[in-house]
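Dear colleague,

Please find the structure below. My notes on what was found in it follow.

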Amino acid sequence: MGKLVHRPEPDLTIQSYLPETWNGMKRVSRHFFVNLFTKKGFVTKQYPEERFPYAPRYRGMHRLMRREDGSVRCVACFLCSTACPADCIHIVAGESDNREVEKYPVVFEVDHIKCIFCGFCEEACPCDAIRLDTGEHRVPGYSREEELTGKVDLLARGALSVSRQGGRFK
Amino acid sequence: MDAQFWLWTVVKIVAICFVFALVLGALLTWTERKLSAVVQDRIGPNRASVLGLRAFGLFHPIADMLKAFTKEDFVPRGANRVLFFLSPLIAMVPVLAVFAVIPFGPGPHFVIADLDTGMLFIFAIAGLGVYGTTLGGWSSNNSFALLGSLRAAAQMISYEVSMGLNLVGVFLVFGTVSLSGLVLAQGELLGGWLPKWGIVVQPVAFILFLTAAMAENKRAPFDLPEGESEILGYNVEYSSMRFALFFLSEFVEIVVIAAIAATVFLGGWQIPFLDPAGTAGGWVTAAQVGAFVAKVVFMCWVLMIVRWTLPRFRYDQVMALGWKMLLPLSLANIVVTAAVLAFL
(Lines give C-alpha, C1' and ligand atoms only; values in the text may rest on other atoms or scores of the structure.)
Protein backbone atom coordinates (compact mmCIF):
# COMPACT_ATOMS: atom_id res chain seq x y z
CA MET A 1 0.00 0.00 0.00
CA GLY A 2 1.76 3.07 -1.19
CA LYS A 3 1.47 6.40 0.48
CA LEU A 4 -0.24 9.10 -1.52
CA VAL A 5 2.09 12.07 -1.90
CA HIS A 6 0.34 15.35 -2.44
CA ARG A 7 2.30 17.38 -4.97
CA PRO A 8 0.59 20.65 -5.75
CA GLU A 9 1.08 22.13 -9.19
CA PRO A 10 3.68 24.90 -8.91
CA ASP A 11 1.95 28.24 -9.19
CA LEU A 12 3.30 31.31 -10.90
CA THR A 13 5.36 32.50 -7.92
CA ILE A 14 7.32 29.27 -8.03
CA GLN A 15 7.48 28.93 -11.78
CA SER A 16 8.82 32.44 -12.23
CA TYR A 17 11.71 31.55 -9.84
CA LEU A 18 12.06 35.13 -8.64
CA PRO A 19 10.14 35.24 -5.33
CA GLU A 20 11.59 31.92 -4.26
CA THR A 21 15.08 32.97 -5.28
CA TRP A 22 14.63 36.15 -3.29
CA ASN A 23 13.50 34.18 -0.24
CA GLY A 24 16.45 31.86 -0.61
CA MET A 25 18.87 34.74 -0.94
CA LYS A 26 17.39 36.34 2.17
CA ARG A 27 17.90 33.15 4.12
CA VAL A 28 21.44 32.63 2.84
CA SER A 29 22.34 36.27 3.57
CA ARG A 30 20.94 35.96 7.07
CA HIS A 31 23.19 32.99 7.72
CA PHE A 32 26.06 34.93 6.18
CA PHE A 33 25.70 38.02 8.33
CA VAL A 34 24.76 36.26 11.54
CA ASN A 35 27.73 33.92 11.25
CA LEU A 36 30.03 36.71 10.13
CA PHE A 37 29.35 38.97 13.07
CA THR A 38 28.31 36.69 15.92
CA LYS A 39 29.98 33.39 15.00
CA LYS A 40 27.08 31.74 16.80
CA GLY A 41 25.99 29.41 14.08
CA PHE A 42 29.30 27.66 13.42
CA VAL A 43 29.14 23.96 14.09
CA THR A 44 32.68 23.18 12.93
CA LYS A 45 35.05 21.49 15.35
CA GLN A 46 38.69 22.36 14.66
CA TYR A 47 39.47 18.66 14.72
CA PRO A 48 42.94 18.01 16.01
CA GLU A 49 42.61 20.73 18.61
CA GLU A 50 38.95 20.33 19.45
CA ARG A 51 37.24 16.96 19.56
CA PHE A 52 33.83 15.66 20.32
CA PRO A 53 34.05 13.60 23.51
CA TYR A 54 33.82 9.88 22.95
CA ALA A 55 31.04 7.95 24.61
CA PRO A 56 32.05 6.46 27.98
CA ARG A 57 31.67 2.94 26.61
CA TYR A 58 33.83 3.68 23.58
CA ARG A 59 36.30 0.84 22.98
CA GLY A 60 39.69 2.35 22.22
CA MET A 61 43.23 1.13 22.56
CA HIS A 62 43.87 -1.75 24.97
CA ARG A 63 45.63 -1.45 28.28
CA LEU A 64 46.80 -3.87 30.90
CA MET A 65 45.91 -3.20 34.52
CA ARG A 66 48.22 -3.48 37.51
CA ARG A 67 47.92 -4.89 40.97
CA GLU A 68 48.61 -2.89 44.09
CA ASP A 69 52.22 -4.03 44.06
CA GLY A 70 52.59 -2.86 40.48
CA SER A 71 52.77 -6.24 38.81
CA VAL A 72 50.54 -7.01 35.88
CA ARG A 73 47.14 -8.45 36.75
CA CYS A 74 47.20 -10.81 33.82
CA VAL A 75 47.71 -14.44 34.81
CA ALA A 76 48.23 -15.69 31.26
CA CYS A 77 45.08 -17.80 31.27
CA PHE A 78 44.63 -17.36 27.48
CA LEU A 79 40.89 -16.75 27.83
CA CYS A 80 41.18 -13.48 25.96
CA SER A 81 43.21 -14.86 23.10
CA THR A 82 40.78 -17.78 22.90
CA ALA A 83 37.78 -15.46 22.83
CA CYS A 84 39.40 -13.15 20.30
CA PRO A 85 37.60 -13.58 16.95
CA ALA A 86 40.40 -11.80 15.12
CA ASP A 87 43.15 -13.84 16.76
CA CYS A 88 45.14 -10.73 17.51
CA ILE A 89 46.34 -11.44 21.07
CA HIS A 90 49.61 -13.30 21.40
CA ILE A 91 50.59 -14.45 24.91
CA VAL A 92 53.63 -16.37 26.05
CA ALA A 93 53.13 -17.59 29.60
CA GLY A 94 55.87 -17.79 32.19
CA GLU A 95 56.00 -19.10 35.76
CA SER A 96 55.38 -16.50 38.39
CA ASP A 97 57.19 -16.31 41.70
CA ASN A 98 53.87 -15.55 43.32
CA ARG A 99 52.44 -18.95 44.20
CA GLU A 100 48.93 -17.55 44.37
CA VAL A 101 49.05 -16.48 40.73
CA GLU A 102 51.20 -19.24 39.27
CA LYS A 103 51.58 -17.66 35.81
CA TYR A 104 52.29 -14.30 34.30
CA PRO A 105 52.62 -13.20 30.68
CA VAL A 106 56.22 -13.00 29.47
CA VAL A 107 54.95 -11.66 26.15
CA PHE A 108 51.59 -9.99 25.75
CA GLU A 109 51.09 -8.53 22.30
CA VAL A 110 48.00 -7.05 20.65
CA ASP A 111 48.23 -6.79 16.88
CA HIS A 112 46.25 -3.66 16.09
CA ILE A 113 46.13 -4.47 12.40
CA LYS A 114 44.09 -7.55 13.20
CA CYS A 115 42.14 -6.21 16.16
CA ILE A 116 38.52 -5.33 15.49
CA PHE A 117 37.92 -3.69 18.88
CA CYS A 118 35.01 -5.99 19.67
CA GLY A 119 35.77 -6.07 23.40
CA PHE A 120 35.41 -9.85 23.75
CA CYS A 121 38.82 -10.06 25.44
CA GLU A 122 37.67 -7.55 28.03
CA GLU A 123 34.56 -9.63 28.69
CA ALA A 124 36.47 -12.90 28.80
CA CYS A 125 39.12 -11.71 31.24
CA PRO A 126 38.48 -13.07 34.75
CA CYS A 127 41.11 -10.82 36.35
CA ASP A 128 40.15 -7.38 35.05
CA ALA A 129 43.56 -7.34 33.43
CA ILE A 130 42.80 -6.19 29.88
CA ARG A 131 40.57 -3.23 29.22
CA LEU A 132 39.68 -1.17 26.15
CA ASP A 133 38.60 1.92 28.06
CA THR A 134 41.49 4.26 27.31
CA GLY A 135 39.29 6.35 25.00
CA GLU A 136 42.26 6.60 22.65
CA HIS A 137 41.63 6.12 18.98
CA ARG A 138 43.82 3.67 17.18
CA VAL A 139 46.47 5.66 15.30
CA PRO A 140 47.55 4.02 12.05
CA GLY A 141 51.26 3.29 11.74
CA TYR A 142 53.68 3.08 8.88
CA SER A 143 54.78 -0.54 9.40
CA ARG A 144 53.36 -3.81 10.67
CA GLU A 145 55.85 -3.83 13.53
CA GLU A 146 54.55 -0.52 14.82
CA GLU A 147 51.08 -1.94 15.04
CA LEU A 148 52.17 -4.75 17.31
CA THR A 149 51.65 -3.28 20.76
CA GLY A 150 53.64 -5.08 23.42
CA LYS A 151 53.23 -5.56 27.13
CA VAL A 152 55.30 -2.54 28.08
CA ASP A 153 53.14 -0.13 26.09
CA LEU A 154 49.96 -1.78 27.25
CA LEU A 155 51.08 -1.49 30.84
CA ALA A 156 52.20 2.07 30.36
CA ARG A 157 48.61 2.98 29.53
CA GLY A 158 47.37 0.81 32.36
CA ALA A 159 46.27 1.80 35.80
CA LEU A 160 45.74 0.31 39.18
CA SER A 161 42.80 -2.02 39.45
CA VAL A 162 41.58 -2.92 42.90
CA SER A 163 38.82 -5.27 41.80
CA ARG A 164 38.87 -8.64 43.52
CA GLN A 165 40.72 -11.15 41.48
CA GLY A 166 39.23 -14.56 40.78
CA GLY A 167 40.47 -17.80 42.35
CA ARG A 168 42.00 -17.89 45.74
CA PHE A 169 43.87 -14.67 45.44
CA LYS A 170 42.81 -12.31 48.14
CA MET B 1 49.75 59.68 -29.34
CA ASP B 2 52.98 60.71 -27.68
CA ALA B 3 55.16 58.66 -25.35
CA GLN B 4 53.44 59.97 -22.25
CA PHE B 5 50.08 58.75 -23.50
CA TRP B 6 51.42 55.26 -24.11
CA LEU B 7 53.12 55.20 -20.74
CA TRP B 8 49.90 56.19 -19.02
CA THR B 9 47.99 53.55 -20.95
CA VAL B 10 50.43 50.85 -19.88
CA VAL B 11 50.20 52.02 -16.26
CA LYS B 12 46.40 51.95 -16.44
CA ILE B 13 46.39 48.49 -18.02
CA VAL B 14 48.65 47.14 -15.29
CA ALA B 15 46.66 48.85 -12.55
CA ILE B 16 43.24 47.82 -13.76
CA CYS B 17 43.72 44.46 -15.48
CA PHE B 18 46.52 42.96 -13.45
CA VAL B 19 46.16 44.56 -10.06
CA PHE B 20 42.45 45.22 -9.69
CA ALA B 21 40.95 42.41 -11.77
CA LEU B 22 43.39 39.62 -11.05
CA VAL B 23 43.77 40.39 -7.38
CA LEU B 24 40.03 40.65 -6.94
CA GLY B 25 39.64 37.43 -8.94
CA ALA B 26 42.16 35.62 -6.75
CA LEU B 27 40.52 37.01 -3.65
CA LEU B 28 37.18 35.75 -4.96
CA THR B 29 38.50 32.18 -5.00
CA TRP B 30 39.13 32.64 -1.30
CA THR B 31 35.82 34.45 -0.80
CA GLU B 32 33.96 31.68 -2.60
CA ARG B 33 35.26 29.04 -0.24
CA LYS B 34 34.93 31.19 2.85
CA LEU B 35 31.49 32.54 1.98
CA SER B 36 30.14 29.11 1.11
CA ALA B 37 31.43 27.92 4.47
CA VAL B 38 29.90 30.80 6.38
CA VAL B 39 26.46 30.48 4.81
CA GLN B 40 26.54 26.76 5.58
CA ASP B 41 27.51 27.34 9.23
CA ARG B 42 31.05 26.11 8.68
CA ILE B 43 34.32 27.95 9.30
CA GLY B 44 36.01 27.29 5.99
CA PRO B 45 39.66 27.16 5.03
CA ASN B 46 41.90 28.57 7.77
CA ARG B 47 44.89 26.24 7.94
CA ALA B 48 47.41 27.77 5.55
CA SER B 49 49.67 29.89 7.69
CA VAL B 50 52.77 32.00 7.28
CA LEU B 51 54.91 32.21 10.43
CA GLY B 52 51.98 30.99 12.45
CA LEU B 53 49.74 33.71 11.07
CA ARG B 54 46.55 32.30 9.62
CA ALA B 55 44.74 35.51 8.60
CA PHE B 56 41.36 33.80 8.11
CA GLY B 57 42.81 31.53 5.43
CA LEU B 58 43.90 34.42 3.23
CA PHE B 59 47.06 32.50 2.34
CA HIS B 60 45.07 29.74 0.68
CA PRO B 61 44.99 31.47 -2.74
CA ILE B 62 48.79 31.76 -2.56
CA ALA B 63 49.09 28.12 -1.57
CA ASP B 64 46.75 27.18 -4.42
CA MET B 65 48.85 29.18 -6.84
CA LEU B 66 52.09 27.57 -5.70
CA LYS B 67 50.47 24.17 -6.05
CA ALA B 68 49.21 25.00 -9.53
CA PHE B 69 52.65 26.16 -10.62
CA THR B 70 54.47 23.10 -9.32
CA LYS B 71 52.07 20.43 -10.53
CA GLU B 72 52.66 18.32 -13.60
CA ASP B 73 51.49 19.96 -16.80
CA PHE B 74 49.74 17.00 -18.33
CA VAL B 75 48.77 16.70 -21.99
CA PRO B 76 46.55 13.75 -22.85
CA ARG B 77 47.50 11.45 -25.71
CA GLY B 78 45.94 12.47 -28.99
CA ALA B 79 45.29 16.01 -27.83
CA ASN B 80 45.66 18.88 -30.24
CA ARG B 81 48.70 20.35 -28.55
CA VAL B 82 48.52 23.84 -30.02
CA LEU B 83 44.88 24.43 -29.16
CA PHE B 84 45.28 22.63 -25.85
CA PHE B 85 47.97 25.10 -24.86
CA LEU B 86 46.17 28.12 -26.31
CA SER B 87 42.64 27.66 -25.02
CA PRO B 88 43.27 28.67 -21.38
CA LEU B 89 44.76 31.87 -22.72
CA ILE B 90 41.84 32.33 -25.08
CA ALA B 91 39.55 31.97 -22.07
CA MET B 92 41.53 34.41 -19.97
CA VAL B 93 42.42 37.24 -22.36
CA PRO B 94 38.92 38.37 -23.41
CA VAL B 95 37.84 38.51 -19.80
CA LEU B 96 40.69 40.86 -19.00
CA ALA B 97 40.24 42.86 -22.21
CA VAL B 98 36.73 43.85 -21.19
CA PHE B 99 38.20 46.01 -18.44
CA ALA B 100 39.63 48.28 -21.15
CA VAL B 101 36.40 50.23 -21.48
CA ILE B 102 35.04 50.19 -17.95
CA PRO B 103 35.25 53.62 -16.33
CA PHE B 104 36.53 53.36 -12.77
CA GLY B 105 36.07 57.02 -12.07
CA PRO B 106 35.17 60.33 -13.67
CA GLY B 107 37.28 61.65 -16.49
CA PRO B 108 39.68 60.01 -18.93
CA HIS B 109 42.23 59.08 -16.28
CA PHE B 110 40.25 56.21 -14.87
CA VAL B 111 39.46 54.33 -18.06
CA ILE B 112 41.97 52.64 -20.35
CA ALA B 113 40.11 53.42 -23.58
CA ASP B 114 36.98 55.54 -23.52
CA LEU B 115 35.32 54.08 -26.61
CA ASP B 116 32.11 55.58 -27.93
CA THR B 117 30.97 52.05 -28.69
CA GLY B 118 31.98 50.67 -25.31
CA MET B 119 29.14 48.24 -24.77
CA LEU B 120 29.44 46.85 -28.29
CA PHE B 121 33.15 46.29 -27.63
CA ILE B 122 32.27 44.42 -24.45
CA PHE B 123 29.84 42.15 -26.28
CA ALA B 124 32.27 41.53 -29.10
CA ILE B 125 35.10 40.64 -26.71
CA ALA B 126 32.95 38.68 -24.27
CA GLY B 127 31.66 36.67 -27.21
CA LEU B 128 35.19 35.42 -27.77
CA GLY B 129 35.16 33.78 -24.36
CA VAL B 130 33.20 30.85 -25.73
CA TYR B 131 36.17 29.87 -27.89
CA GLY B 132 38.38 29.19 -24.89
CA THR B 133 36.00 26.73 -23.31
CA THR B 134 34.90 25.09 -26.56
CA LEU B 135 38.39 24.64 -27.95
CA GLY B 136 39.66 23.54 -24.55
CA GLY B 137 37.11 20.75 -24.41
CA TRP B 138 37.56 19.74 -28.02
CA SER B 139 41.34 19.78 -28.13
CA SER B 140 41.80 17.57 -25.08
CA ASN B 141 40.58 14.48 -26.99
CA ASN B 142 38.18 13.38 -24.28
CA SER B 143 34.52 12.58 -24.87
CA PHE B 144 33.40 14.05 -21.57
CA ALA B 145 35.37 17.22 -22.16
CA LEU B 146 33.89 17.48 -25.64
CA LEU B 147 30.37 17.06 -24.28
CA GLY B 148 31.10 19.68 -21.64
CA SER B 149 32.38 22.11 -24.21
CA LEU B 150 29.29 21.48 -26.36
CA ARG B 151 27.11 22.33 -23.38
CA ALA B 152 29.24 25.41 -22.78
CA ALA B 153 28.97 26.56 -26.38
CA ALA B 154 25.21 26.09 -26.58
CA GLN B 155 24.62 27.74 -23.24
CA MET B 156 26.89 30.72 -23.78
CA ILE B 157 25.59 31.45 -27.27
CA SER B 158 21.99 31.17 -26.08
CA TYR B 159 22.42 33.49 -23.16
CA GLU B 160 24.58 35.98 -24.99
CA VAL B 161 21.52 36.88 -27.05
CA SER B 162 19.35 37.82 -24.12
CA MET B 163 22.28 39.39 -22.26
CA GLY B 164 22.78 41.80 -25.15
CA LEU B 165 19.08 42.44 -25.67
CA ASN B 166 18.59 43.27 -21.99
CA LEU B 167 20.96 46.18 -22.23
CA VAL B 168 19.21 47.61 -25.30
CA GLY B 169 16.49 48.98 -23.03
CA VAL B 170 19.13 50.86 -21.05
CA PHE B 171 20.65 52.21 -24.26
CA LEU B 172 17.21 53.42 -25.33
CA VAL B 173 16.67 55.27 -22.07
CA PHE B 174 20.08 56.90 -21.89
CA GLY B 175 20.64 57.27 -25.61
CA THR B 176 24.27 56.12 -25.65
CA VAL B 177 26.36 52.96 -25.73
CA SER B 178 29.48 54.65 -24.40
CA LEU B 179 30.08 53.50 -20.85
CA SER B 180 31.27 56.91 -19.71
CA GLY B 181 28.18 58.41 -21.31
CA LEU B 182 25.97 55.87 -19.53
CA VAL B 183 27.51 56.72 -16.17
CA LEU B 184 27.20 60.46 -16.75
CA ALA B 185 23.57 60.05 -17.79
CA GLN B 186 22.89 58.13 -14.58
CA GLY B 187 23.95 61.15 -12.55
CA GLU B 188 20.68 62.88 -13.40
CA LEU B 189 17.78 62.87 -11.00
CA LEU B 190 14.26 61.63 -11.68
CA GLY B 191 11.72 64.12 -10.36
CA GLY B 192 14.46 65.89 -8.48
CA TRP B 193 15.09 63.24 -5.81
CA LEU B 194 15.47 59.76 -7.31
CA PRO B 195 18.86 58.97 -8.90
CA LYS B 196 18.29 57.96 -12.48
CA TRP B 197 20.22 54.74 -12.16
CA GLY B 198 19.75 51.90 -14.61
CA ILE B 199 18.18 49.71 -11.95
CA VAL B 200 15.55 52.39 -11.32
CA VAL B 201 14.54 52.93 -14.93
CA GLN B 202 15.09 49.34 -16.08
CA PRO B 203 14.49 47.00 -13.10
CA VAL B 204 13.34 44.11 -15.27
CA ALA B 205 16.40 44.38 -17.47
CA PHE B 206 18.60 44.34 -14.37
CA ILE B 207 17.25 41.00 -13.16
CA LEU B 208 17.26 39.48 -16.64
CA PHE B 209 20.78 40.73 -17.26
CA LEU B 210 22.06 39.24 -14.03
CA THR B 211 20.45 35.91 -14.87
CA ALA B 212 21.85 35.85 -18.37
CA ALA B 213 25.25 36.99 -17.16
CA MET B 214 25.39 34.22 -14.57
CA ALA B 215 24.61 31.70 -17.30
CA GLU B 216 27.21 33.30 -19.54
CA ASN B 217 29.67 33.03 -16.67
CA LYS B 218 28.99 29.27 -16.37
CA ARG B 219 28.44 29.50 -12.64
CA ALA B 220 25.85 27.74 -10.53
CA PRO B 221 22.91 27.48 -11.00
CA PHE B 222 24.12 27.31 -14.61
CA ASP B 223 27.41 25.43 -14.11
CA LEU B 224 26.55 22.58 -16.47
CA PRO B 225 29.57 23.18 -18.72
CA GLU B 226 31.77 22.45 -15.72
CA GLY B 227 29.67 20.23 -13.51
CA GLU B 228 32.71 19.47 -11.40
CA SER B 229 30.80 17.41 -8.87
CA GLU B 230 29.60 14.70 -11.23
CA ILE B 231 29.05 15.28 -14.96
CA LEU B 232 32.58 16.45 -15.84
CA GLY B 233 33.18 19.53 -17.88
CA TYR B 234 35.33 20.95 -20.60
CA ASN B 235 38.35 21.34 -18.30
CA VAL B 236 38.52 17.73 -17.13
CA GLU B 237 41.85 17.01 -18.85
CA TYR B 238 43.53 20.17 -17.67
CA SER B 239 45.96 20.26 -14.81
CA SER B 240 48.38 22.64 -13.12
CA MET B 241 48.39 26.28 -14.19
CA ARG B 242 46.28 25.69 -17.30
CA PHE B 243 43.41 24.52 -15.15
CA ALA B 244 44.08 27.39 -12.78
CA LEU B 245 43.79 29.81 -15.71
CA PHE B 246 40.35 28.43 -16.61
CA PHE B 247 39.40 28.62 -12.97
CA LEU B 248 40.72 32.13 -12.53
CA SER B 249 39.09 33.35 -15.74
CA GLU B 250 35.75 32.28 -14.31
CA PHE B 251 36.37 34.30 -11.19
CA VAL B 252 37.63 37.33 -13.08
CA GLU B 253 34.49 37.06 -15.19
CA ILE B 254 32.50 37.51 -11.99
CA VAL B 255 34.35 40.79 -11.54
CA VAL B 256 33.59 41.67 -15.18
CA ILE B 257 29.89 41.01 -14.76
CA ALA B 258 29.83 42.87 -11.47
CA ALA B 259 31.64 45.81 -13.09
CA ILE B 260 29.26 45.91 -16.07
CA ALA B 261 26.23 45.63 -13.80
CA ALA B 262 27.61 48.35 -11.54
CA THR B 263 28.37 50.60 -14.51
CA VAL B 264 25.13 50.14 -16.39
CA PHE B 265 22.61 49.58 -13.62
CA LEU B 266 24.07 50.92 -10.38
CA GLY B 267 25.32 54.26 -11.62
CA GLY B 268 29.01 53.44 -12.05
CA TRP B 269 31.11 55.83 -10.04
CA GLN B 270 28.13 58.09 -9.29
CA ILE B 271 27.37 58.88 -5.69
CA PRO B 272 23.81 60.26 -5.53
CA PHE B 273 23.61 64.06 -5.18
CA LEU B 274 27.41 64.36 -5.20
CA ASP B 275 29.06 65.94 -8.23
CA PRO B 276 27.15 64.18 -11.04
CA ALA B 277 29.35 65.73 -13.73
CA GLY B 278 32.50 64.30 -12.18
CA THR B 279 34.52 67.48 -12.45
CA ALA B 280 35.19 68.15 -8.76
CA GLY B 281 38.50 66.35 -8.45
CA GLY B 282 40.38 65.70 -5.25
CA TRP B 283 38.67 63.79 -2.48
CA VAL B 284 35.34 63.71 -4.32
CA THR B 285 36.94 61.84 -7.20
CA ALA B 286 38.60 59.44 -4.79
CA ALA B 287 35.25 58.84 -3.13
CA GLN B 288 33.66 58.21 -6.51
CA VAL B 289 36.31 55.64 -7.45
CA GLY B 290 35.79 54.06 -4.06
CA ALA B 291 32.04 54.01 -4.67
CA PHE B 292 32.54 52.17 -7.94
CA VAL B 293 34.80 49.59 -6.33
CA ALA B 294 32.31 49.17 -3.50
CA LYS B 295 29.51 48.60 -6.02
CA VAL B 296 31.62 46.01 -7.85
CA VAL B 297 32.38 44.20 -4.62
CA PHE B 298 28.71 44.29 -3.67
CA MET B 299 27.68 42.81 -7.00
CA CYS B 300 30.33 40.08 -6.63
CA TRP B 301 28.82 39.31 -3.25
CA VAL B 302 25.32 39.10 -4.74
CA LEU B 303 26.53 36.74 -7.47
CA MET B 304 28.18 34.54 -4.85
CA ILE B 305 25.09 34.50 -2.67
CA VAL B 306 22.99 33.43 -5.65
CA ARG B 307 25.47 30.67 -6.40
CA TRP B 308 25.07 29.24 -2.89
CA THR B 309 21.30 29.73 -2.90
CA LEU B 310 20.17 27.87 -5.99
CA PRO B 311 20.71 24.27 -7.03
CA ARG B 312 21.85 23.50 -10.54
CA PHE B 313 19.36 23.50 -13.41
CA ARG B 314 18.79 20.51 -15.60
CA TYR B 315 20.19 21.13 -19.08
CA ASP B 316 16.81 21.25 -20.84
CA GLN B 317 15.66 23.68 -18.15
CA VAL B 318 18.65 25.89 -18.88
CA MET B 319 17.78 25.99 -22.57
CA ALA B 320 14.07 26.48 -21.88
CA LEU B 321 14.80 29.32 -19.48
CA GLY B 322 17.11 30.98 -21.98
CA TRP B 323 15.00 30.75 -25.09
CA LYS B 324 11.44 30.55 -23.75
CA MET B 325 11.61 32.97 -20.84
CA LEU B 326 14.58 35.30 -20.94
CA LEU B 327 14.52 36.02 -24.68
CA PRO B 328 10.78 36.88 -24.93
CA LEU B 329 10.95 38.85 -21.71
CA SER B 330 13.91 40.90 -22.86
CA LEU B 331 12.26 41.52 -26.23
CA ALA B 332 9.09 42.60 -24.44
CA ASN B 333 11.17 44.84 -22.22
CA ILE B 334 12.63 46.55 -25.29
CA VAL B 335 9.20 47.01 -26.86
CA VAL B 336 7.67 48.42 -23.68
CA THR B 337 10.63 50.73 -23.11
CA ALA B 338 10.52 51.97 -26.69
CA ALA B 339 6.75 52.50 -26.48
CA VAL B 340 7.03 54.42 -23.21
CA LEU B 341 9.83 56.56 -24.58
CA ALA B 342 7.95 57.23 -27.82
CA PHE B 343 4.55 58.09 -26.36
CA LEU B 344 5.43 59.83 -23.11
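Chain A has a radius of gyration, taken over C-alpha atoms, of 28 Å, whereas a compact globule of 170 residues would have one near 15 Å. That globule rule is 2.2 Å times the number of residues to the power 0.38. Along its principal axes, the C-alpha trace of chain A spans about 90 × 50 × 35 Å.

This is a predicted model, in which local features need pLDDT of at least 70 and side-chain atom pairs count only at pLDDT 80 or more, while totals for chains, interfaces and linings use all residues. Residues are numbered from 1 along each chain as its sequence is written, and chains are lettered from A and ligands numbered from 1 in the order in which they are written.

Chain A is divided into domain 1 (15-44) and domain 2 (63-157), with bounds that come from an automatic or database domain assignment. The C-alpha centres of these two domains lie 53 Å apart.

Chain A holds 6 helices and 5 strands. These are DSSP runs numbered from the N terminus: helices are H or I with at least four residues, and strands are E with at least two. From the N terminus on, their order is α-α-β-α-β-β-α-β-α-β-α.

Of the 170 residues in chain A, 19% are buried (20 or more other C-beta atoms within 10 Å of a residue's own, with C-beta atoms placed from the backbone; exposed means 12 or fewer, and partly exposed lies in between).

In chain B, I13(B) belongs to helix α1 (residues 3-39). I13(B) counts as partly exposed because it has 17 C-beta neighbours inside 10 Å.

Yours sincerely
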